[in-house]
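New page in the notebook. I want to look around this chain one step at a time and jot down what I find.

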Amino acid sequence: MEKIINIDGKDVKFKSTGATTLRYKAQFGEDYFEEIVKMSKTLQEGKATMSNFNLDVFYKIVWILAKTANKEIPTYLEWYDEFDNFPIIEVATELQDLIQSTMVSKKK
């Protein structure tokens, strides 16, 4: 699944594949699914505050989806440095379908 989003005047391609979760683990040493579940649980319980909600997870997921689409993008921090403005919540919301696609089965 792929999607292109205009961020800070640049069209950025994002992609989710079967390797997305493995790439996340290899890059950050954390389990993709555990991070998503923790984040979702906090949001569903309505207990999200600045002190217990980790935006860094969003940043990591967004970068992994971009890296999956384009192997040539720079490292995590260097890539974010390319943008003067990066509205992470808006971008993550736009990518919600890609994020969810890694967690659902199409098997009936």
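This is a predicted model: local features need pLDDT of at least 70, side-chain atom pairs count only at pLDDT 80 or more; totals for chains, interfaces and linings use all residues.

**Entry 1: the whole chain.** I started with burial, and 36% of the 108 residues of the protein chain count as buried. Next I looked up the elements and found 6 helices and 2 strands in the protein chain. Reading from the N terminus on, I get the order β-β-α-α-α-α-α-α. Then I turned to contacts between residues at least 6 apart in sequence, and 62% of those join residues at least 24 apart.

**Entry 2: salt bridges.** How many salt bridges does the structure hold? I found 5, and I went through some of them.

I picked Lys13 and Glu2 to begin with; their side chains meet in a salt bridge at 3.3 Å, N to O. I checked where the two sit: Lys13 is in strand E2 (residues 10–15) and Glu2 is in strand E1 (residues 2–7). The two are 11 residues apart, and the pair links distant parts of the chain.

I had to remind myself of the cut-offs here: buried means under 20%, exposed means over 50%, and partly exposed is in between.

Glu2 came up again, because its side chain also meets that of Lys15 in a salt bridge, at 3.7 Å, N to O. This pair again links strand E1, with Glu2, to strand E2, with Lys15, and the two residues are 13 apart. Lys15 has 26% relative accessibility, so I wrote it down as partly exposed.

Then I moved on to Lys3, whose side chain forms a salt bridge with that of Glu94 (3.5 Å, N to O). Lys3 lies in strand E1 and Glu94 in helix H5 (residues 88–94), so this pair ties together parts that are 91 residues apart in sequence. Lys3 is partly exposed at 23% relative accessibility, and Glu94 is partly exposed with a relative accessible area of 41%.

**Entry 3: a glutamate in a helix.** I looked up Glu35, which lies in helix H2 (residues 32–44). Its relative accessible area is 11%, so Glu35 is buried. What does Glu35 touch, leaving aside residues up to four places away in sequence? I noted Tyr24, Glu30 and Val57.

**Entry 4: two helices crossing.** My last stop was helix H1 (residues 20–28) and helix H3 (residues 55–69), whose axes come within 10 Å and cross at roughly 120 degrees. That angle makes H1 oblique to H3. The crossing of H1 and H3 is right-handed.

Which residues make the contact? On the H1 side I listed Thr20, Arg23, Tyr24, Gln27 and Phe28. On the H3 side there are Val57, Lys60, Ile61, Trp63, Ile64, Leu65, Lys67 and Thr68. Sorting the contact of H1 with H3 by class, I got 7 nonpolar, 3 polar and 3 charged residues.

Key. Residues are numbered from 1 along each chain as its sequence is written. Side-chain values use heavy atoms; hydrogens and water are left out. A salt bridge is a side-chain nitrogen of Lys or Arg within 4 Å of a carboxyl oxygen of Asp or Glu. Helices (H or I, at least four residues) and strands (E, at least two) are DSSP runs, numbered from the N terminus. Buried means under 20% relative accessible area, exposed over 50%, partly exposed in between (1.4 Å probe, protein chains only). Contact means heavy atoms within 4.5 Å. Axes are lines fitted to C-alpha atoms, for helices over the stretch in contact, and angles run from 0 to 180 degrees between N-to-C directions. Angles under 35 degrees count as roughly parallel, over 145 as roughly antiparallel, 65 to 115 as roughly perpendicular and the rest as oblique. A crossing is left-handed if the near helix is turned anticlockwise from the far one by less than a right angle, and right-handed if clockwise. Ala, Val, Leu, Ile, Met, Phe, Trp, Tyr, Cys and Pro count as nonpolar, Asp, Glu, Lys and Arg as charged, and the others, Gly among them, as polar.
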